[in-house]
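This report describes the fold of one protein chain. It covers the strands, the helices packed on them, the disulfides and the confidence of the model.

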Amino acid sequence: MTPKTRMLGVVMAVVTLAAAALTFATPASAATLTQVTNFGTNPTNLQMHLYVPDRVASRPAILLAMHYCTGSGPAFHSGTQYASLADRHGFIVIYPSATRSSRCWDVYSPQALRRGGGSDPVGLMSMVDHVRQRYAADPARIFATGTSSGAMMTNVMLGVYPDVFAAGASFAGVPFACFATGGTSEWNSECANGQLIRTPQQWGDLVREAYPGYAGQRPRMQIWHGTNDETLRYPNFGEQVKQWTNVHGLGQTPTYTDSPQSGYTRTRYGSGGSMAPVEAISMQGVSHNLPVDAAQVIRFFGLDGTTPPPTTPPPTTPPPTEGGCRVGYTVNAWSTGLTASVTITNTGSAAVNGWALTFTLPSGQRITNGWNAQYAPASGAVTARNVSYNAAIAPNASVGIGFQATHEGGTGKPSSFALNGSACSVS
C-alpha cells in the first residue's frame with residue numbers, strides 16, 4: 001500500500017464515498033449537486049461540482065471544499081455537512097475533483113506553488129471566478145477548506161491567492177510548500193513524517209515568495225490536527241501554526257487558550273475573539289481519521305450569522321484623531337532588502353476607531369509584503385490602513401505593524417508620520 005493510498009484509507013470512515021458513483025451533466029441548479037463544465041482555464045483537467053441552496057443569499061459567500069486523496073467532489077459533498085449549512089446560511093459550495101490517478105491535489109510541484117504557475121490552483125481559481133461572476137458573489141467572502149490532501153491544498157490556495165481568500169480551514173494538513181518535491185513526485189516523506197522543521201520566518205517567507213510584491217491583507221487560518229496522526233504526523237500542526245502566525249506578523253504565544261470539548265486544546269493568535277487571525281485546535285489521541293467539524297469552520301469564517309465577517313476598511317480616511325500619537329520605527333536591513341517594525345501608540349485621551357498611518361518611504365525602497373495592515377501604494381507616499389482585528393487603539397495602547405521591502409542602497413527611515421491626518425512624534 002502506497003503512502004498516498006494510506007492517506008485516503010484513514011479518512012474514508014469520516015468522509016464517505018457513497019456519492020462517488022453519482023454523475024451530473026446538467027447546469028448548476030439550486031439545492032442539487034450538479035456538475036459544471038467549461039468553467040475556464042483548467043490545465044490539469046479538474047472536475048467541478050457545485051451546490052447552490054434554494055435560498056441563496058444576496059451577494060453570497062463562496063466555499064471551496066476540497067477532498068482527500070482518491071476522493072472526489074461528490075464524495076466530499078456527501079460526507080461533510082457543508083451543503084446542509086449552506087442551506088441554512090445561504091452560501092455556495094464548490095466541490096472540485098482531482099483527476100490524476102492518485103486523486104491527490106498537486107501541492108508539490110513548482111508550478112502549483114507560485115501564483116499563476118499552472119497546475120491545480122489555476123483550475124480551482126477558474127471555478128471560483130466562474131461562481132463569483134455567475135452568482136454576483138461577495139468577493140470579500142471567499143473561503144477554502146479541505147481534509148488531508150485537501151487541507152494541503154487549502155494552505156496552497158491561501159498562499160498563492162491571498163488577495164482572493166478571506167480565510168481557510170485545514171484538517172490534518174501540512175504547511176504551504178512543506179510537500180514540495182521540486183518535480184513530479186507526489187509524496188514527500190520528510191514532510192509527511194513531521195521531520196521538516198523550520199523557523200516561523202522561514203515558513204512565512206515561503207508563503208510570501210509565492211506571490212512576490214503582494215502587500216495586502218493575508219487570509220485568516222484555522223488549523224486542526226490529531227496528536228496520533230499516523231499519516232501526516234503531528235509536528236505538522238505546530239509548523240503550520242508557525243507559518244501562519246508569521247505571515248500575520250504574530251508571535252508564537254497564544255492570545256487565548258481554551259478547551260472547546262474534552263481532549264481538544266484551542267489556541268488563538270493575534271486576538272482572543274472567535275475570528276482570530278490564526279486559530280489552532282489540537283485533538284488529543286485523534287488519528288488522521290479525524291472528524292470534520294463543519295459548523296466550527298463556518299463559525300470561524302463568519303458565515304453562521306453569529307459574528308459579523310471581517311471587512312476590508314473602505315478607501316477613505318478615518319476621522320482625525322483626538323490628541324496625539326507616537327510612532328516607533330525599527331529597520332533591519334541587508335544587501336538588497338529590509339524589514340521595518342512599526343509601533344503606533346495612541347497618546348491621546350480618546351480611543352482611535354479605524355486608522356490610517358501615512359508616511360513617505362525614502363527613494364528606492366519598495367514594499368514587497370506586509371503584516372497587520374494594508375499598504376498602498378508600495379513606494380513613495382504610503383498609507384498603512386488597519387485590518388479587521390486591530391482597528392481600535394485605546395488611549396495609551398499600541399499596535400504593531402510591519403513590512404518587508406527592497407531597497408537600492410538607501411535604508412533610511414521616513415522623516416515623518418501622521419495618524420488619521422495628525423502628525424505623530426517619532427521615537
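In which sense do β11 and β12 pair, and over how many bridges? The two strands pair in the antiparallel sense, over 9 bridges. The model in which this pairing is found is a predicted one.

**Strands β11, β12 and β19**

A hairpin of 3 residues connects β11 to β12. Within this pair, Val 331 faces Ala 340 of β12. Strand β12, which spans residues 337–346, also pairs with β19 (residues 398–406); these strands run antiparallel and are joined by 9 bridges. Strand β12 is mostly covered, with 8 of its 10 residues buried. In general terms, the strands of a sheet are held together by backbone hydrogen bonds, in either a parallel or an antiparallel arrangement.

**The open sheet of 10 strands**

An open sheet with mixed pairing is built from 10 strands in the order β1-β2-β4-β3-β5-β6-β7-β10-β9-β8. Its edges are formed by β1 (34–36) and β8 (256–258); each has a single partner strand, so one side of each is left without a neighbour in the sheet. From one strand to the next, the twist averages 20°.

Strand β3 (residues 62–66) pairs with β4 (residues 92–97) in the parallel sense, over 3 bridges. Here Ile 62 is placed opposite Ile 92 in β4.

**Helices on the sheet**

Helix α3 packs on the sheet and touches β2 (47–51), β3, β4, β5 (142–147) and β6 (167–171). The direction of α3 makes about 160° with that of β4. Which residues of helix α3 (residues 82–89) are buried? They are Tyr 82, Ala 83, Leu 85 and Ala 86. These four lie on the same side of α3, because the arc they cover around the axis is only 160°. Just after α3, Gly 90 adopts a positive phi of about 85°.

A further helix, α8 (residues 235–247), lies across β6, β7 (220–226), β9 (264–269) and β10 (278–283). Helix α8 runs at about 170° to β7.

**Disulfides**

A disulfide is a covalent bond between the sulfur atoms of two cysteines. The structure holds 3 of these links. With the bonded cysteines counted along the chain, their pattern is 1-2, 3-4, 5-6. The table lists the sulfur-to-sulfur distance, the angle about the S-S bond and the handedness for each.

| Disulfide | S to S | Angle about S-S | Handedness |
|---|---|---|---|
| Cys 69 to Cys 104 | 1.9 Å | 120° | right-handed |
| Cys 178 to Cys 191 | 2.0 Å | 120° | right-handed |
| Cys 325 to Cys 424 | 2.0 Å | -95° | left-handed |

The link of Cys 69 and Cys 104 connects distant parts of the chain, 35 residues apart. Cys 69 is in the loop between β3 and α2 (73–79), and Cys 104 is in the loop between β4 and α4 (120–134). Cys 69 has a relative accessible area of 0% and is buried. Cys 104, at 5% relative accessibility, also counts as buried.

In the next link, Cys 178 lies in the loop between β6 and α6 (189–192) and Cys 191 in helix α6, so the pair ties together parts that are 13 residues apart in sequence. Both Cys 178 and Cys 191 are buried.

Cys 325 and Cys 424 link distant parts of the chain, 99 residues apart. Cys 325 belongs to strand β11 (residues 325–333), whereas Cys 424 is in the loop between β21 (422–423) and β22 (425–426). How much relative accessible area does Cys 424 have? The value is 11%, and because buried means under 20%, Cys 424 is classed as buried. Cys 325 is likewise buried, with a relative accessible area of 4%.

**Confidence of the model**

The chain averages a pLDDT of 88, and 89% of the residues score at least 70. Over residues 8–30 the pLDDT stays under 50, and the model has 54 contacts beyond four places in sequence for them. Residues 308–322 also have a pLDDT below 50; this stretch has 30 contacts in the model beyond near neighbours in sequence.

Note on methods. Residues are numbered from 1 along each chain as its sequence is written. This is a predicted model: local features need pLDDT of at least 70, side-chain atom pairs count only at pLDDT 80 or more; totals for chains, interfaces and linings use all residues. Side-chain values use heavy atoms; hydrogens and water are left out. pLDDT is the predictor's confidence in each residue, from 0 to 100. Contact means heavy atoms within 4.5 Å. Buried means under 20% relative accessible area, exposed over 50%, partly exposed in between (1.4 Å probe, protein chains only). The arc is that of the directions from the helix axis to the C-beta atoms. Two strands pair if DSSP finds at least two bridges between them. Axes are lines fitted to C-alpha atoms, for helices over the stretch in contact, and angles run from 0 to 180 degrees between N-to-C directions. A disulfide is a pair of cysteine sulfur atoms within 2.5 Å.
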